[in-house]
Amino acid sequence: AEGESPIGTIETKDINWGAAGANGTNDVVQNAMPFIVPQYPFEEPFDVRAVVPVGMVDTGSLDYPQELLYTDGMDVKGETGASDETSITFQMVTENAHRIATYAEVSRRALRNTAWLSAYLANRFMEKWVKLLNTQVLVGDGTGENLNGIVTQATAYATGQTGYVDSIASGESTLIDTIIAMKSQLYVNANVMANACFVSPQTHYQLTVQKSTTREYAYDQVLAQVDSMGVWRINGMVLVMSKDIPVGDALIGLVSPTVLEILM
């Protein structure tokens with residue numbers, strides 16, 4: 001179909017917004033500001049509060065008792081034998097409250113559409129807040145006002161421990177083997193059965209690539225559950241991808257409100 005060309009039928013007005021710092025000279029401001037929400041990449045693929053339980057403190061600090069020493073007297077005794085005493089001592093621990101905050105100065109021009117501005121700032125600030133919270137909870141170094149992150153407190157896996165290093169053949173499926181060995185070692189040393197594992201995007205890629213060695217899995221779903229997004233569960237542990245975790249590292253642990261508490 002043919003029709004008249006629209007060229008020449010649309011009129012536009014030249015608007016001189018003035019030079020920067022001209023304090024309004026030659027500026028023209030429209031009556032309404034029908035902003036479109038800008039498109040930007042999301043900050044984080046996950047919210048750490050959905051994975052790690054986070055305690056909120058709404059006062060200056062939080063005092064709570066922590067077990068200091070447990071002297072175990074549990075033993076098998078005869079029917080009429082006396083029981084041995086178990087001694088438990090506690091210490092009071094103080095956690096100071098910290099906050100994550102910011103503010104923005106806005107011009108009167110931006111206030112012409114307060115509903116849009118309010119929604120935009122609330123969503124944008126929350127994304128930045130989650131990103132900073134994720135980083136602090138995972139890798140905060142504990143200095144100054146920084147939180148003491150999980151990686152900072154974690155115990156490094158000893159690759160040379162007897163019974164583990166010899167069972168991992170060099171050049172084969174060493175990455176998944178190491179993560180499973182970490183889970184086993186955590187249970188041996190701390191009596192904790194891990195259910196979550198944090199890795200970097202690069203490490204996640206290495207875990208996802210199919211191995212073609214003598215130890216290649218006959219049916220990988222037994223060990224690693226895979227979908228269209230790659231590996232998402234290994235040996236019963238949920239796999240969480242985060243750019244805060246160093247490349248080549250894996251952070252594993254038991255995520256349970258009764259076992260792991262992060263005081264913020």
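Search this whole structure for aromatic pairs and you find one. Keep in mind as you look that the model is predicted. The partners are Phe 46 and Phe 198, whose ring centres sit 6.4 Å apart, with 50° between the planes. Why give two values? A pair of aromatic rings is described by the distance of the centres and the angle of the planes. Here, the pair counts as tilted, because planes under 30 degrees apart would be stacked and planes over 60 would be edge-to-face.

Phe 46 lies in the segment before strand S1 (54–55), while Phe 198 belongs to strand S4, so the pair ties together parts that are 152 residues apart in sequence.

Let's step back to the whole protein chain. It has four helices and nine strands, and reading along the sequence gives you the pattern β-β-β-α-α-α-β-α-β-β-β-β-β. There are 264 residues, and 22% of them count as buried.

Next, pick out helix H1, which runs through residues 114–139. Its 26 residues reach 37 Å from the first C-alpha to the last, close to the 38 Å expected at 1.5 Å a residue. Several of its residues are buried, including Trp 116, Leu 117, Arg 124 and Val 130. What covers the buried residues of H1? The cover includes helix H2 (150–153), strand S4 (196–199) and strand S8 (250–253).

Zoom in on one residue of H1, Gln 136. Its relative accessibility is 12%, so Gln 136 counts as buried, since the cut-off is under 20%. Leaving aside neighbours within four places in sequence, you'll find Gln 136 in contact with Asn 146, Leu 147 and Gly 149.

Finally, look at helices H3 (residues 174–190) and H4 (residues 201–208). They pack at an angle of about 110°, and their axes are 8 Å apart. H3 and H4 are therefore roughly perpendicular to each other, because that term takes in angles from 65 to 115 degrees. Where they meet, H3 brings Leu 175, Ile 176 and Ile 179, and H4 brings Thr 203, Gln 206 and Leu 207. Sorted by class, this contact has four nonpolar residues, two polar ones and no charged ones.

Methods:
Residues are numbered from 1 along each chain as its sequence is written. This is a predicted model: local features need pLDDT of at least 70, side-chain atom pairs count only at pLDDT 80 or more; totals for chains, interfaces and linings use all residues. Side-chain values use heavy atoms; hydrogens and water are left out. Axes are lines fitted to C-alpha atoms, for helices over the stretch in contact, and angles run from 0 to 180 degrees between N-to-C directions. Helices (H or I, at least four residues) and strands (E, at least two) are DSSP runs, numbered from the N terminus. Angles under 35 degrees count as roughly parallel, over 145 as roughly antiparallel, 65 to 115 as roughly perpendicular and the rest as oblique. Contact means heavy atoms within 4.5 Å. Ala, Val, Leu, Ile, Met, Phe, Trp, Tyr, Cys and Pro count as nonpolar, Asp, Glu, Lys and Arg as charged, and the others, Gly among them, as polar. The expected span of a helix is 1.5 Å times one less than its number of residues. Buried means under 20% relative accessible area, exposed over 50%, partly exposed in between (1.4 Å probe, protein chains only). Rings of Phe, Tyr and Trp (its six-membered ring) pair if their centres lie within 6.5 Å; planes under 30 degrees apart count as stacked, over 60 as edge-to-face and the rest as tilted.
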